[in-house]
Amino acid sequence: MQNLQEATLPNEFINRRIESSIHQIGYPQLKTIRCESNGSTLILKGELNSYYQMQLALKIAINEPWIDQIDNHIRIVPDSRESNLIY
């Protein structure tokens with residue numbers, strides 16, 4: 001008998017599960033991230049304001065037991081309000 005980790009789950013279920021986990025982190029911008037999968041390869045898409053936010057999304061995705069590879073298509077687009085700050 002297969003255990004849960006070895007069972008094949010539908011791609012749509014895995015995509016929604018990972019998206020939901022990413023969206024719950026608390027950064028509003030992370031709610032724009034979308035997941036697609038092709039077998040055990042996950043594709044992350046969207047735009048974020050910082051590399052830190054991208055790392056948070058990747059950390060969630062990489063801990064998913066059904067995913068063996070991640071294709072990261074997240075673009076970093078700094079918030080224009082932040083780039084106008086004077087330090």
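These are my notebook entries on a predicted model of a protein.

**Ground rules**

I number residues from 1 along each chain as its sequence is written, and I leave hydrogens and water out, with heavy atoms used for side-chain values. Since the model is predicted, local features need pLDDT of at least 70 and side-chain atom pairs count only at pLDDT 80 or more, while totals for chains, interfaces and linings use all residues.

**Entry 1: the parts list**

I began with the elements and found 3 helices and 3 strands in the protein. Both kinds are DSSP runs, numbered from the N terminus: helices are H or I with at least four residues, strands are E with at least two. Reading from the N terminus, I get the order α-β-β-α-β-α.

**Entry 2: the sheet**

Two strands count as paired if DSSP finds at least two bridges between them.

A reminder to myself: strands of a sheet pair through backbone hydrogen bonds, either parallel or antiparallel.

**Entry 3: β1 with β2**

I looked up this pair and found that β1 and β2 run antiparallel, joined by 5 bridges. Glu 36 has Ile 43 in β2 as its bridge partner. The hairpin of these strands has 2 residues between them, and there I noted Gly 39 with a positive phi near 65 degrees.

**Entry 4: β2 with β3**

Parallel or antiparallel this time? β2 (residues 41-48) pairs with β3 in the parallel sense, over 8 bridges. I wrote down some partners in β3: Asp 71 for Ile 43, Arg 75 for Glu 47 and Ile 76 for Leu 48.

**Entry 5: Glu 19 and Arg 16**

Both Glu 19 and Arg 16 are in helix α1. Is Glu 19 buried or exposed? Glu 19 counts as buried because its relative accessibility is 7%, and the cut-offs are under 20% relative accessible area for buried, over 50% for exposed and partly exposed in between (1.4 Å probe, protein chains only). Arg 16 is partly exposed at 37%.

I found a polar contact of 2.6 Å between the two side chains. That term means a pair of N or O atoms within 3.5 Å; within protein, one must be able to donate a hydrogen and the other to accept it, and residues adjacent in sequence count only if both atoms are side-chain atoms. Leaving out residues up to four places away in sequence, Glu 19 touches Ile 33, Arg 34 and Cys 35 (contact is heavy atoms within 4.5 Å). Arg 16 and Arg 34 are 18 residues apart along the chain, with 8.7 Å between their C-alpha atoms.

**Entry 6: Asp 71**

Asp 71 sits in strand β3 and is partly exposed, with a relative accessible area of 31%. From Asp 71 to Ile 43 I count 28 residues in sequence and 4.6 Å in space, C-alpha to C-alpha. With residues up to four places away left out, Asp 71 touches Thr 41, Leu 42, Ile 43 and Leu 44.

**Entry 7: the whole protein**

Last, I checked the totals: 30% of the 87 residues count as buried. Among contacts with a separation of 6 or more, 55% are between residues 24 or more positions apart.
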